[in-house]
Amino acid sequence: MRWLRDVPIDDPVDRRNAPVIQVIALLLAALPPLMWLLRAVVPGVPWRPGEVVSMLVGLSVSALAALSFRLVRGGHFVAASRLLLLGFAVSALLAHAATGFAAQRFEQPLLGVWMAIAALTLGRGALWLMYAGLLVAFGAGIAVDIGVHGEMAARLTDLAVSAAIFLMLSIVLDRSSTALRDSLREAMARGQALQAANARLQAEMAERERVHAQLVQAQKTEAMGRLASGVAHDFGNLVGIIRGHAHRGLGADDETRMRDALAGVESAATRAAVLTRRLLAFSRADEETREWFGPANAIAGLEPLLRQLLSPAVTIRISLAAPLPDIHFDRIRFELMVLNIAANADHAMPAGGTFSVSARQDAQGCLLLAFGDEGAGMEAAVLARIFEPFFTTRPRGQGTGLGLSVVKELVEAGGGSVHAESEPGRGSVFFLRIPGRVPAGRHVVAA
């Protein structure tokens with residue numbers, strides 16, 4: 001069936017009908033020659049009058065059927081169907097003209113099959129042409145019967161009855177085939193519309209992912225801008241420490257003091273290198289790369305950046321319960337979430353306070369994070385909208401309103417959830433729940 005359907009036909013209805021036409025064409029091309037070959041080799045059976053003519057007509061129809069099959073395989077469905085039906089109509093006319101109407105009476109039920117094929121493959125026009133051709137064939141057969149047997153009135157009655165029967169059949173086939181073809185075309189149109197809608201949906205999803213990636217990068221850029229001033233100050237202090245140790249080393253008069261000075265230079269340089277590596281890793285604009293990692297080390301490694309991000313009046317308190325499950329996340333985006341929440345906490349505490357970070361695992365092995373501040377808190381109306389994109393309570397030009405919406409997007413993309421609790425005058429707490437994996441050999445312990 002796959003081979004029969006694999007034809008270069010554009011019209012969807014014709015493509016659905018192509019397998020049936022090919023099967024009929026193959027049968028008509030193969031069976032009559034085999035039957036006449038068997039007839040020719042049977043000994044002792046004389047040829048009846050008109051049988052040779054019937055053989056030639058049958059073989060001609062077989063040749064037309066073979067040509068029709070070749071046309072369908074080449075994608076010419078309409079031409080193949082017309083040729084096949086024309087061959088049948090001519091053969092019916094010749095058969096009735098040669099043997100008469102009465103001799104073909106037992107073959108007439110098969111004519112309805114050809115009318116159905118005409119209606120389904122070519123439509124109502126071909127159906128009514130086939131009906132007209134059958135009337136001509138019937139008329140030719142009736143004329144032969146009248147010439148041989150007489151009885152004109154009885155023969156004309158037979159013609160009228162057959163014409164009425166096939167007329168009713170034609171009307172039924174006309175209506176049913178038209179409705180079927182219309183239904184098929186509507187179904188095909190709906191399928192094409194659905195494919196177009198799916199294509200638009202995929203394009204919209206791709207655009208959403210692209211915009212989301214741009215928002216994430218914009219938040220990283222904003223966080224980097226906030227970190228820049230603190231980093232410059234910290235690097236100034238580190239350079240001062242290095243210069244002080246270098247000055248001590250230059251004035252040292254023994255090897256011990258020189259080694260102490262060089263150790264101080266190395267320590268300050270190491271601190272500067274660590275901070276530089278963290279900033280470079282955070283500023284990368286790579287595509288999302290998920291990996292399994294331990295959140296404890298990630299949070300602890302963020303502490304230098306948090307100290308640069310938060311104002312000097314804000315104290316950082318980190319509490320990490322052991323053990324913690326590993327999480328499958330993009331590490332840089334995980335750090336971005338923490339820094340975004342910390343930036344909001346810093347804005348909420350202009351006079352200083354404590355920014356707390358706690359982590360534990362629940363009974364299902366998920367990571368539970370809580371970020372708290374001692375700021376002014378939020379009213380219920382504001383709390384309900386804090387995760388909406390572009391929603392901000394800051395003055396114009398002092399915030400994009402994207403930080404917490406990016407946090408929500410990242411957490412939910414990782415299969416987790418986020419919510420916040422806050423009351424005016426009592427600060428705010430952001431709770432993140434991220435699916436985790438307990439490393440092999442460790443049991444889940446609810447903290």
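Author: Welcome! Residues are numbered from 1 along each chain as its sequence is written. In this predicted model, local features need pLDDT of at least 70, side-chain atom pairs count only at pLDDT 80 or more, totals for chains, interfaces and linings use all residues, and side-chain values use heavy atoms, with hydrogens and water left out.

Reader: What makes up the protein chain in terms of helices and strands?

Author: There are 12 helices and eight strands.

Reader: Why is α3 called roughly antiparallel to α4?

Author: Helix α3 (residues 51–73) and helix α4 (residues 77–99) pack at about 170°, with axes 8 Å apart. Axes are lines fitted to C-alpha atoms, for helices over the stretch in contact, and angles run from 0 to 180 degrees between N-to-C directions. Angles over 145 degrees count as roughly antiparallel (under 35 roughly parallel, 65 to 115 roughly perpendicular, the rest oblique), so α3 is roughly antiparallel to α4.

Reader: Which residues meet there, and how do they divide into nonpolar, polar and charged?

Author: Among them, V57, V61 and L64 in α3 meet residues of α4 that include A79, A80 and L83; contact means heavy atoms within 4.5 Å. The division is 12 nonpolar, three polar and no charged. Here Ala, Val, Leu, Ile, Met, Phe, Trp, Tyr, Cys and Pro count as nonpolar, Asp, Glu, Lys and Arg as charged, and the others, Gly among them, as polar.

Reader: Why does E291 count as partly exposed?

Author: Its relative accessibility is 36%. Buried means under 20% relative accessible area and exposed over 50%, with partly exposed in between (1.4 Å probe, protein chains only), so E291 counts as partly exposed. E291 sits in strand β1 (residues 290–293) and touches I327, H328, F329 and R331, leaving aside residues up to four places away in sequence. Across the 447 residues of the protein chain, 38% count as buried.

Reader: How do you know that β2 and β6 stand at the edges of the open sheet?

Author: The five strands have the order β2-β4-β5-β7-β6, with mixed pairing. Two strands pair if DSSP finds at least two bridges between them. β2 (314–320) and β6 (417–422) each have a single partner strand, so one side of each is left without a neighbour in the sheet.

Reader: How many bridges join β6 to β7?

Author: Six bridges join β6 to β7 (residues 428–434), and the two strands run antiparallel. One of the bridge pairings is H419 with F431 in β7.

Definitions and conventions: Helices (H or I, at least four residues) and strands (E, at least two) are DSSP runs, numbered from the N terminus.
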